[in-house]
Amino acid sequence: MKPPSAPPPPEDPPGVPGFRTWRGVYQFVFAFFVLCVLLLAVFSRVFA
Amino acid sequence: MNLLDWLVLLGAIVGIAAYGTWRTRHTDSLNTYLKGNHNTGWVTIGLSVMATQASTITYLSLPGQAYENGIAFIQNYFGLPLALIIVCAFFLPIYRKLGVYTAYEYLGQRFDAKTRLLGASLFLLHRGLQAGITIYAPAIILSTVLGWPLNLTILFTGLLVIIYTVTGGSAAVNLTQRWQMAVIFGGMVTAFVVLLTKLPAGAVPIAGALGKLQAVDFTPDLKQRYTLWSGILGGLFLSLSYFGTDQTQVQRYIGGAALREGRLGLMFNAMFKIPMQFCIVMLGALLFVFFQFQPDTPVFFNQTEWRRHVAGPEGARLHVIEEKHTAILADKQVKIRAWMAARESGVPGDEASARSAMLAAQKASDAVRQEARDTLRAIDPQAKIKDSDYVFITFILTQLPHGVIGLLIAVMIASALSSKAGELNALATTSTIDLWRHFRPLAAQDEARNVRNAKWFTALWGCFAIGFALFVSFAENLIEALNIVASLFYPALLGVFVVAFFLKKVGGSAVFWAALASQVFVLLLFSAGKFYPAYEIGYLWLNPIGCAACVIFSLLFQAIIGQRASPPASPMRPAT
């Protein structure tokens, strides 16, 4: 029987209110980036 | 500039440099000298990363670029947040875990000594070339408009940055960059607010109607320099190279109290970079509107160069162009006001015809500006005909009150010093750790000698940058020149790191030859575009293409070699 592999070491929490994992922080930053691009696209459409 | 301006300028610039030198004068630990204080927090790291990236060119050239071509350049930064997420998730934890001083030390541990030396050499070659540009760019513009002697300006800024960077190393760089960023933010916000108070009503729609607010371009054209696709893909690879593999940036975030501080510092940049750059390019677009309503808007913004030729034997030709420009500008003002009135009236047919008339006037205005440049070049082939870098500085000197002028000149010099300091610090660290310690392994144990050598290397690279700036004439379009040079050298380096992180079966010899082959490939591709314009592609595309070439060549060479030429050492081997 294959021995179970050791679990990866737990990650340090980001210590940012509202976020328990770094994955959550990255998702938030990514969502903010998408929002920025969308707003810029709308801005171009409205004023160009 | 009057006495108040000089007091503000020297107080901000010399004061911050003196403070940084004084506070870090006892730095004698190698770790602190190369990585900064161990208790550095994420705010300092975030500001330091931002200050190192944004040089004077960002604050001086970018508004001019937006004035000329609109705000499409913002797309260049679209890949940056994505790259920073990747750096945070993959690059930074490994650098911290291995306790390396430089990114290239990691290559030595993952592959072998020759790959580490190749990585370090590519960095030193590319960054060493850019070091001169960073110091030259603000000096040429400030000396032109303020009448300062160019060589003296280069020497003053160069020696100032050498003094505090040599004294306190990374600790001094972090400390001074925080205060320099405060000056930069304060100055730019002040300039923006003053500009807003001077704009006519409806400034944003005017800028939009005249084609300056096209921020996102969905055209899938490889030849188009800035599009959504080149920005996301090309910008992603360019930013990944810069933040993940360029020691100038790696050094800014690998220090700090914990991994968390570096990560938060990078995420701070990922969040604020696009909004910040948007404000800077908007400043340029609004400057464009502002100058449409000024009766004395120059036909050519580098007035020093223009007046020099007006006073010459061919001055009459330039006078004719000036008069033509004044007439066209007056006509354009009438057309703009007519368009605004038609827009408010709400009659679609009137609005459309008024818009056509306004655009025709804009075309005539562009044509006379081009005629001015062509005539200047015809009169003097050596004349500097790119004047967009002088748009913002013209506004600063003619429209801002005294004191604020000094503050804005301080912004330009502070941004030059902050990015220069980061570069010198990284060049010295790579020279000490990856070259000197590699060739003198026995001396590596002597910490005091390491610090002494790092200081000597800092001074040496500083003098090299000053010498380069003093004796070399650079391309006029500096911001693009910087990015083009980066796009030539970064792709192969990024390819090596991608292989290191994600292709565990590839060994040192395969990746070494693949990096050299992909570097030649990128240079050939770039040269082919220059000799045969039909095959030219936007320079941002060189980044993904060069990186992909390095990865493919690595796999190919590894398959040919058949076995690992140099098996990777344990990743936990202590850093040397």
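The model is a predicted one, in which local features need pLDDT of at least 70 and side-chain atom pairs count only at pLDDT 80 or more, while totals for chains, interfaces and linings use all residues. Residues are numbered from 1 along each chain as its sequence is written, chains are lettered from A and ligands numbered from 1 in the order in which they are written, and side-chain values use heavy atoms, without hydrogens and water.

Helix α17 of chain B covers residues 404-439 and reaches 51 Å from its first C-alpha to its last, close to the 52 Å expected at 1.5 Å a residue. A bend of about 30° is found at B:T432, taken as the angle between axes fitted to the seven residues ending there and the seven starting there.

Turning to the domains, chain B is divided into domain 1 (3-291 + 395-561) and domain 2 (303-383), with bounds from an automatic or database domain assignment. In chain B, 13 residues of domain 1 are in contact with 14 residues of domain 2 (heavy atoms within 4.5 Å). B:I206, B:A209 and B:L210 supply 45% of the area that domain 1 of chain B buries against domain 2 of chain B, more than any other three residues; buried area is the accessible area (1.4 Å probe) that two parts lose on being put together, summed over both.

Note on methods
Helices (H or I, at least four residues) and strands (E, at least two) are DSSP runs, numbered from the N terminus. The expected span of a helix is 1.5 Å times one less than its number of residues.
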